[in-house]
Every structure is written in structure tokens, then in C-alpha cells.
Amino acid sequence: MATVKKSKKKIIIPICIVLVIAIIVGVAFGVSAATSGEEVSLYTISTDDIYESVSLTGQVSSGTEKEYKVATVATVKEVFVQPGDKVKKGDVLATFETESLDSQISTLRSSYNDAVSSYNEAVKAQKEAKSKADELEDQIAETEKQISKLRNSASSATTTKKKNTTARTTTTERQTTRTTTTRRVTTTTTTTTSPVSSTEPGLGSLTEALAELNKNLSEITDDLGTLASMTEIIAQTITDAVSSGIFDSDVIADRVADAVSQAMRDGIIDAANLLVESDLAVDMIHSAVSAIDFEGITNSLINSNNVSLTAAELQLASQEALYAIYKAQADDSVLSVQKKAVDATKMALDALEQQQQDMKEGWIAAFDGTVTEVDVTAGVQTTALTTGIKLENLDSMAVTVSLSEYDVHKVKVGMPATVTTAYGTYDGEVTSIAPTATGGSSSSILDSVGSMAGISGLSSLTDSGAGVECTVSIPQTDENIIAGFDADVEIETGEYLGVVAVPIESIKLEKNGSFVYLYNEEDNTVTKTQIETGAVSDFAYEVTSGLKAGDKIISAPAADYAEDTFKVKVVNG
């Protein structure tokens with residue numbers, strides 16, 4: 001039988017036609033897709049009612065509780081309760097031996113009296129120092145005037161002597177019969193009439209010397225009162241010696257050392273406030289004073305042809321040094337230290353006396369309740385770590401929650417709340433809000449994210465977020481609410497009726513704000529649009545600006561749109 005051969009050309013032609021058709025269909029589909037845009041579902045903005053709340057998790061505790069603790073060491077006399085006992089208001093829980101506290105109170109009272117005495121002395125010393133400083137200020141002004149007059153007088157005298165010398169020299173030159181000796185005398189007169197400068201080497205500055213001495217004293221004591229007393233004694237001793245005409249450095253140093261030693265014996269200088277041993281302190285002061293060049297000051301006085309001016313400058317230096325000392329004593333910082341010591345000692349004394357009084361009466365139940373902890377034993381001394389006795393009123397319960405910085409301004413005392421446990425739901429009410437935040441850092445990024453997402457209290461779930469303690473009471477309780485267990489709390493913070501609202505899933509939350517994709521019916525496009533939000537519920541945000549009722553937006557925008565404005569194909573809405 002003959003074989004019929006088919007033409008390959010006839011087979012190729014249909015294949016090419018199919019390929020062309022496929023290409024045309026693909027291009028048409030692509031053009032259609034490009035023309036129609038992204039498929040989206042729209043949501044039409046309307047008004048709605050938003051009920052705002054804050055959701056948190058906290059721990060259940062008794063509504064009223066009191067912890068009885070001993071703030072000092074004492075011996076327990078009797079204990080009348082044990083955990084689980086129910087007591088009435090006024091029942092005695094425990095009693096104590098208080099005689100051991102008498103000596104402690106006596107010692108503390110003595111310390112308080114000493115502190116008051118020191119403070120009164122400091123007040124008196126401050127007044128005296130202010131008075132002396134005022135007197136010295138007037139004296140310094142008078143001495144400065146005196147120095148100014150002496151300098152002007154010395155300057156005038158120098159000018160006159162120079163003129164007279166010039167005249168005598170001219171006369172000498174004209175008198176050829178004058179001897180060489182006479183000319184030498186004239187020359188000598190000319191060279192010895194210049195006044196001594198106030199900064200002449202050897203005179204030095206007594207003010208600077210005493211200031212350096214005062215600086216060295218800081219190595220001996222860091223107590224302001226002791227430093228002031230020591231400085232005043234040293235300066236006064238030096239001044240008395242110089243005023244008496246004594247300028248030998250060793251002699252003055254001996255006098256200062258004797259004065260300081262005597263002040264220590266008399267209690268004027270408290271050796272307990274010294275950084276070194278008292279004998280070493282005296283040696284250090286003796287060495288520092290002996291290093292001052294009082295002999296140089298003496299030589300300046302002796303060699304100066306203007307003794308009055310030099311003496312006045314020395315007097316001014318001494319006055320200024322004493323003035324600086326009295327000003328330091330008159331400063332309120334010294335008095336402030338003494339006042340703090342008085343207040344601290346008084347506070348401690350009052351607390352101990354109150355403890356003794358409370359323990360004499362025994363621990364008394366402040367309300368009807370149940371004893372939940374007992375950590376004291378008859379005949380045993382208490383310690384700072386002793387818990388004591390804990391009394392709770394289990395007939396009323398509460399939940400303690402932590403408000404983040406984003407929620408604390410929404411929640412107010414008196415707001416209604418719902419408390420949910422594993423066994424049921426109960427009505428509650430906000431009864432207290434702490435005035436300050438505690439725990440962790442001052443803010444948490446979780447709070448920021450949670451606020452935008454409508455979730456409150458995220459920071460309270462971490463160790464890093466700070467929170468404000470808030471108590472929600474549960475007036476009606478049952479046996480299913482057990483202290484120590486966790487409970488969910490929802491606090492109703494406000495209701496907003498008939499406001500423009502947008503579903504939470506329609507908003508894109510970004511660092512720089514909240515956005516929606518607003519639909520434009522004229523050209524079938526959407527544009528990324530920023531909005532301002534207000535109240536938030538579990539399902540929607542209140543829109544305060546950027547949208548109005550009747551606007552259409554993408555109901556659930558994708559996270560990766562390439563452009564802010566683009567064509568869309570509406571599939572519903």
C-alpha cells in the first residue's frame with residue numbers, strides 16, 4: 001500500500017498562526033491590565049460612634065491592706081494571730097518590749113540637742129561675721145582713701161624734689177668755686193628721692209599669703225565650720241603679731257601653733273573634723289605660716305622712705321584677708337549644713353519615739369480583715385528584714401495596673417472599668433492614680449506603636465517601660481477573685497458620638513503620621529493622604545481632619561505601593 005507523505009509546510013503554517021494569536025492575546029491582556037490599574041476595594045467614610053477604652057493587665061489584691069513593720073530592733077513580747085485569722089478593728093495583733101528603746105532615744109535626743117546648739121552657735125557666728133564684714137568693708141574704704149592720699153602726696157613731693165634738684169644742679173654748674181664733693185652730695189640727693197612702689201619686692205602681698213595659707217588648710221579639714229574657725233584664729237593671731245611689731249616668721253608661726261592647739265583643747269576647733277591627727281595638723285599650720293616672708297615685709301618698712309604709705313598698704317592687706325574670712329563665715333552654706341543636721345536628727349528622733357509609742361500600745365488592727373502574713377515570733381528580736389504582720393480586707397478587691405505615658409492622661413479617677421478573670425467579668429471603678437511614674441525608663445517605643453494601633457499599656461509588659469500605678473476597685477466580689485492572680489482591665493475613657501470614623505485596617509501608620517489612600521472618581525486614581533486622628537476604639541479611629549463623610553478610600557491598602565498616586569480598578573464599593 002502506498003504511503004502518503006504530508007507536507008511539513010502545511011504543518012508549520014498552523015503553528016505560526018497559533019503563536020501569533022497567543023502574542024496578540026497577551027499584548028491585549030497587558031494593555032487592558034495597564035489601562036484598568038490596581039484592583040482595590042473601597043470603603044465609604046461615614047459617621048459612627050466611638051467608645052474609647054484603655055486595656056491593661058494587672059494583679060489582683062485586697063482593696064484595703066496594711067503592713068505592720070518594726071523600723072528598729074525590738075523584742076517581740078506576744079503574738080496573738082496567725083495567717084488566715086479574721087480580726088475586728090481594734091484587736092491587738094502583737095505586743096513588744098520597749099525598754100531597750102529608751103537608751104536609743106536618749107542617745108538620739110542628746111545628738112539632736114547638740115545639733116540644735118551647734119546650729120544656734122552657727123547662727124550667732126554668722127550674724128557676728130556679717131557685722132564684722134560690714135565694719136571691715138568701711139575700714140577698707142577708709143584705708144584705700146588714705147593710701148590714695150599718701151600716693152598723691154608722695155608723687156607731688158617727688159616732682160617738687162626733682163625740680164629743686166634740677167635748679168640746684170644748674171646753680172652748681174655756674175658756681176665754678178663749688179667743690180667736687182658738693183656735686184657728689186647733689187647727685188646723691190637726686191637718686192634717693194624716688195618713692196617706694198607698692199609692689200616692691202620684699203613687701204609682697206599679705207592678702208595673697210593668707211589666701212595661700214587658707215588653701216593649704218583644705219588639706220587639714222573639709223568641714224566648712226572647722227575651716228572657718230581655724231582660718232579666723234590663724235589670721236587674727238598673725239594680725240595681732242604684726243600690729244605689735246613682730247615680723248619674725250618663726251615667732252609668728254609659734255604663736256599661731258599655740259593658738260590653734262589651745263582652740264582644739266577648748267573645743268573651738270573640733271579635732272574630729274580634721275583629716276589628719278591634731279598634732280600633725282598643728283605642725284602643718286606652723287610650717288605654712290613660717291613660710292610667709294614677714295622679714296621681707298619688715299625690711300620694706302625699714303628701708304622705705306615712705307613708711308606711712310607702706311604701713312597703710314600692709315594694713316589694707318590684713319583688712320582684706322580678714323574681710324574674706326568673715327564673708328566666708330557669713331555665707332549661708334555653713335548655716336545650711338547645720339540646719340540639715342538638725343532636721344535629719346529631729347526626723348530620726350520623732351520616728352523612733354513614734355515607734356516606741358506604737359509598740360507600747362501594740363499593733364492594733366486598723367479595720368476588719370484577714371491576717372495574710374505573720375513574720376514575728378514571741379521572744380525573738382526583730383530585724384530590718386522582718387516583714388511583720390500583714391492585714392487585708394478580702395471582702396473588697398482591687399486590681400493594680402500600670403498606665404503608660406500615652407494612657408495616663410486619658411484615665412481619670414471615677415471612670416468605670418471592666419475586670420475580667422479566668423472565672424468571670426466584674427464591674428470596677430478607677431479609685432486612685434499615682435502622682436509619679438515608677439519602674440524602667442521614661443518611655444517605651446512599644447507605647448508609641450501601641451497608641452497608633454489602638455493598643456494600650458504595652459510598656460507595662462516589658463522591663464523597660466515606666467508606668468504610673470493605677471488602682472481599679474471591684475466592689476462586688478466572689479470566691480473566684482483571688483489576690484495574687486492576674487486580671488484583664490478595660491477602662492472606659494470616653495464616648496464620641498456621630499464622629500467621622502475610619503476603620504483601623506484602612507490606615508497606614510508611619511513615623512511621620514497616619515495615612516489613607518483617597519479615591520478620585522474622575523480619573524480612577526487614589527492618592528496617599530495624611531489624616532489627623534482623635535479617639536480610637538478596638539475597630540476605628542476618629543478622623544479630625546483630612547477626610548469627610550462620603551469620601552472613599554482603599555479599605556485595606558497594601559504595604560508596598562510603588563507610587564503615592566496611581567490608577568486603580570475598583571472591584572467593589
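We're working with a predicted model, where local features need pLDDT of at least 70, side-chain atom pairs count only at pLDDT 80 or more, and totals for chains, interfaces and linings use all residues. Residues are numbered from 1 along each chain as its sequence is written, and side-chain values use heavy atoms, leaving out hydrogens and water.

**Exercise 1.** Work out how α6 and α7 cross.

*Solution.* Start with the elements: α6 covers residues 249-266 and α7 residues 278-290 (helices are DSSP runs of H or I, at least four residues; strands are runs of E, at least two). Next, take the axes, which are lines fitted to C-alpha atoms over the stretch in contact, with angles from 0 to 180 degrees between N-to-C directions. These axes come within 8 Å and cross at roughly 150°.

**Exercise 2.** Find the strand order in the open sheet of three strands.

*Solution.* The order is β3-β5-β6, paired antiparallel (a pair needs at least two DSSP bridges). Now look at the edges: β3 (75-79) and β6 (363-364) each have a single partner strand, so one side of each lacks a neighbour in the sheet. Finally, zoom in on β5 (residues 92-97), which two bridges join to β6. Here Val92 stands opposite Ile364.

**Exercise 3.** Which residue forms a salt bridge with Glu65?

*Solution.* Use the rule first: a side-chain nitrogen of Lys or Arg lies within 4 Å of a carboxyl oxygen of Asp or Glu. That gives eight salt bridges. For Glu65 the partner is Lys390, with the closest N and O atoms 4.0 Å apart. Glu65 sits in β2 and Lys390 in β8, 325 residues apart.
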